[in-house]
Amino acid sequence: MVKRGKKYQEALKLVDRTKAYNATEAIELAKKTNYTKFDATVEAAFRLGVDPKRADQQVRGAVVLPNGTGKVQRVLVFAKGEKAKEAQAAGADYVGDNEYIEKIQDGWFDFDVIVATPDMMAEVGKLGRILGPKGLMPNPKTGTVTFDVERAVKEIKAGKVEYRVDKAGNIHVPIGKVSFDTGKLVENLKAVYEALLKAKPAAAKGTYMKNITVSSTMGPGIKVDPLSLEQ
């Protein structure tokens, strides 16, 4: 068992572990149980009724949060010619091709998301062993391998987040900051919930949305009643 500090234990006393709160109550409690001095991230965790070991039960994609994440993402775009100009005009932080591949091979990681045009993937693929373990590899399923680089960059800057089921069948997604208005955090949570429902694999049997919790960066998890996200 992980030994928790006094502040965590005090925060935990405010949470009824047997109760599934409605979304608004859960978000307000997540904010109340935040004990850090910085503007902590509010994260949602979803336990899904899928078998991640099976290829036909993978859940992966991306969703644009209506109220953003509270963090400005640094975007690197691999593109050439007109598409490179398009990416720059859309607000990409870095745009190029081979020079950035070499920089990454030398250990440069001053970016949060990579977008690549399909014609660049043969070159970007060489970085698979470096980017893959860090979850930075562009992927068509998350909209980061596309010729529509303008849209991709603008969506990421507006608050697009990626999600991917882990080996235990869980998905963790940031939905904003503790400083956000409660209503905005609820809207973001609903957006992720609806995206995950749409992404349900046809092969998944039984209860799909098993459990939902929200928490601040270092705070305790608070159960959310899924029905409250459908109202």
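Predicted model: local features only at pLDDT ≥ 70, side-chain atom pairs only at ≥ 80, totals over all residues.
Two strands count as paired here if DSSP finds at least two bridges between them.

Begin with strand β1, which covers residues 41-48, and look for its partner, strand β8, at residues 209-216. The two run antiparallel, and seven bridges join them. To find one of these links for yourself, go to alanine 44, whose bridge partner in β8 is valine 214.

In strand β9 its bridge partner is isoleucine 222. β9 takes in residues 222-223, and it pairs with β8 in the antiparallel sense over two bridges. If you follow the chain from β8 to β9, you pass through five residues, and the two strands form a hairpin.

Now step back and take in the whole chain. The domain assignment gives domain 1 as residues 6-68 + 160-229, and domain 2 as residues 75-157. Where they touch, domain 1 puts six residues into the contact and domain 2 puts in nine.

How much area is buried between domain 1 and domain 2? The figure is about 690 Å², and carbon and sulfur atoms give 45% of it. On the domain 1 side, the residues that lose the most area to domain 2 are Arg60, Lys160 and Glu162, and together they make up 79% of what that side buries.

Which kinds of links cross this interface? The rule finds one salt bridge between domain 1 and domain 2. There are also two residue pairs in polar contact across the interface. For a salt bridge to look at in the model, turn to glutamate 155 and lysine 160, whose closest N and O atoms are 3.4 Å apart.

Finally, see which strands form the side of domain 1 that touches domain 2. β2 (60-64) and β6 (160-164) each supply at least two residues to that side. β2 gives the most, with four residues. Sorted by class, the side of domain 1 that touches domain 2 has two nonpolar residues, one polar residue and three charged residues.

How values were computed: Residues numbered from 1 in each chain as written. Heavy atoms only, no water. Domains from an automatic or database assignment. Contact = heavy atoms within 4.5 Å. Buried area = accessible area lost by both parts, 1.4 Å probe. Salt bridge = Lys/Arg side-chain N within 4 Å of Asp/Glu carboxyl O. Polar contact = N/O pair within 3.5 Å; in protein donor to acceptor, adjacent residues only side chain to side chain. Nonpolar A, V, L, I, M, F, W, Y, C, P; charged D, E, K, R; others polar.
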